[in-house]
Amino acid sequence: MSAGTIRAWTLWPMLWKEFAQLRRDRFTLAMMVGIPAIQLLLFGYAIQTEVRHIRTLVLDESKTPESRALIAVLTNTGDFDIVGSVASRVEIADQIGRGAAQAAVVIPPGFMADLRSGRTAQAQVIVDAADPLASGAAMSGAARAAAARAAQLGARAGAPPVPLEVRVRPWYNPGLRTAVYIVPGIIGVLLSMTMVMITSMAVVRERERGTLEQLIVTPIDKTALMLGKLIPFLVIGYVQMSLVLILGRILFDVPVRGSLLLLYGVTVAFIVANLGLGLLVSTVVTSQTQAMQLSFFFLMPNILLSGFMFPREAMPVPAQWFGDLLPLTYYLRILRGILLKGAGGAQLWPDGLALVGFAVILVALSVRRFSKTVD
Amino acid sequence: MTSVPVSPSLPSSPAPPRPLAVRTVALRKVFGELVAVAGLDLEIREGEVFGLLGPNGSGKTTTIRMLCGLLLPSAGDATVVGLDVRTEPEAIRRRIGYMSQRFGLYDDLTVAENLHFYGWVYGLRGAALTARSAEVLAELGLTEAAPQLAGTLSGGWKQRLALACAIAHRPAMLFLDEPTAGVDPASRRLFWRWIYALAKQGTTILVTTHYMDEAERCERLAFLSRGHLIALGTAAEVLRQFGQPTIEDVFIELQRRDEGAIV
């Protein structure tokens, strides 16, 4: 608009006002702390993509000490809960078909004889593959059980090990615990959601209440006005992030293997990108309800396509492209890289650069769109 | 649609003509198909209490918003306190105060905090800000309400606070858009006492109102109807022009014409 002087100092009264309001806004403050805690508990405890306690049937046609020992080992892995014995494969098909069980262990009649004679002893695990997570867990659990049993037998006999070779070597998360993988992601999802929603709603609220009109007839600088709205939320974002890190540490034993300083530094770009997006939302919508709806609409692809819950590698290529448009996709790699793998700037700079790009573009766009006139 | 030229000898204005605080030339605002203001020519002198009247939708608020830099004119020109609304809106903002129809202050800040914030935004700070805040609070009888949250004030007190925030920076010109809507008579009377006091100190006042007694308190009036200026002058002059006994009758006559035009 005008080529007047930049009144950067107007940021100070704006910040003073925002913090004064925030201090009184008990509800928002409660949400700041409550949402991270609830999300952490919800996602951390409820989303267990590692499946344990698979309801399992036993068809023991061998009925020997060896077969019973194998079942005991399977049970000990914690992956399998034996829920019953059956006498035939027909029964297995029936129970799995009804959903009464998800897996069955079949030990053939010749099991002990094979073991004793050094031939490869085979037991079968039948899995309901309709649930790929459960079946994956069952397969790896069975493999581990077989390997464990083979090792026991080999050690006892002092002979060459029983011919069973299974390698499961999970990196970074040996226990295959989902929480370790999920919790860093929660930081990203949480920041995306709260930052976009809070910012868009805060600006729209000023417009709805008529306070924005009163504010823009003052000589306040447009950029100062927007920064004044954003900076308090940046602080809130950091509080939320720290809270999840601390709770994640206490409750889920999530490690911090890399530099926290680096993480907090890169996070500025991510938060600012989301705040910019929130401002952009606020320039499009006309009511707080719309702002909320649009923010939630934005949340879904973030959860589904960023790699937060489902590995991006498994997605169809167009979905991956879409995921590339989300700041969260890059931030998740940074979060997991720093927290779980101890990665540093050398490995993560491309993702960091992408975030800076998002931040610059989104804030520039929203400042452009946000006009100091009301029409 | 004839606009009456500014009368050369206003009974209420002193002999040497004061400089212009507002000047609009063919000022126009269009929203899509709707012509909100259809080429307005207005001149308001410094220190004048000028009333902008007209039925709802006649273009009063749109005019004020253009003069305050909240809306860009679609055509025509306007200067406020000698500055162009198109090219110098920020400089204008520093020299004007504005009270909108709706209470535009922060309900979740106290009276003192609202005033502190607005004074600061307009460039007051430190001891000057503290002193001026105390002064304005005292002037408008708000000192005791200072620690109260603005949201808990009643209508009349909110309006006082809005006035306080609008004048803290001693603006050269004050825009009041239906400032007394929904306010009790006693508060309105008090409000107008402050308006006159400000005008006496040289502040130009542009006020829109629906209240007839308030219209009669203005030095000059402009009547708008459907975006056009249809009468201009002192209250007595306007009455003569319309051949009506009271301003209220002028209003009703206008409304009748508007509705006739629509049908």
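Author: We can begin with a pair of helices in this predicted model: the axes of α13(A), residues 327-341, and α14(A), residues 345-369, come within 9 Å and cross at roughly 145°, and the crossing is left-handed.

Reader: What makes residues of α13(A) and α14(A) count as meeting each other?

Author: Two residues are in contact if their C-beta atoms lie within 7 Å, and the residues that meet in this way include Tyr330(A) and Ile334(A) in α13(A), with Leu348(A) and Leu355(A) among their counterparts in α14(A). By class, this contact has eight nonpolar, three polar and two charged residues.

Reader: How do you know that the span of α3(A) is close to the expected one?

Author: The expected span is 1.5 Å times one less than the number of residues, which for the twelve residues of α3(A) gives 16 Å, and the helix reaches 16 Å from its first C-alpha to its last.

Reader: Why are the buried residues of α3(A) said to be on the same side?

Author: The buried residues are Glu66(A), Ser67(A), Leu70(A), Ile71(A) and Leu74(A), and because they cover an arc of only 140° around the axis, they are on the same side of α3(A). The face turned away from that side carries the exposed residues Pro65(A), Ala72(A) and Asn76(A).

Reader: Which helix supplies the largest share of the side of chain A that touches chain B?

Author: Of chain A, 23 residues are in contact with 28 residues of chain B, and the largest share of that side of chain A, six residues, comes from α1(A).

Key:
Residues numbered from 1 in each chain as written. Chains lettered and ligands numbered in written order. Predicted model: local features only at pLDDT ≥ 70, side-chain atom pairs only at ≥ 80, totals over all residues. Helix = DSSP H or I, 4+ residues; strand = E, 2+ residues; numbered from the N terminus. Buried ≥ 20, exposed ≤ 12 C-beta atoms within 10 Å, placed from the backbone. Arc of directions from axis to C-beta. Axes fitted to C-alpha atoms, helices over the stretch in contact; angles between N-to-C directions. Left-handed = near helix turned anticlockwise from the far one by under 90°. Nonpolar A, V, L, I, M, F, W, Y, C, P; charged D, E, K, R; others polar.
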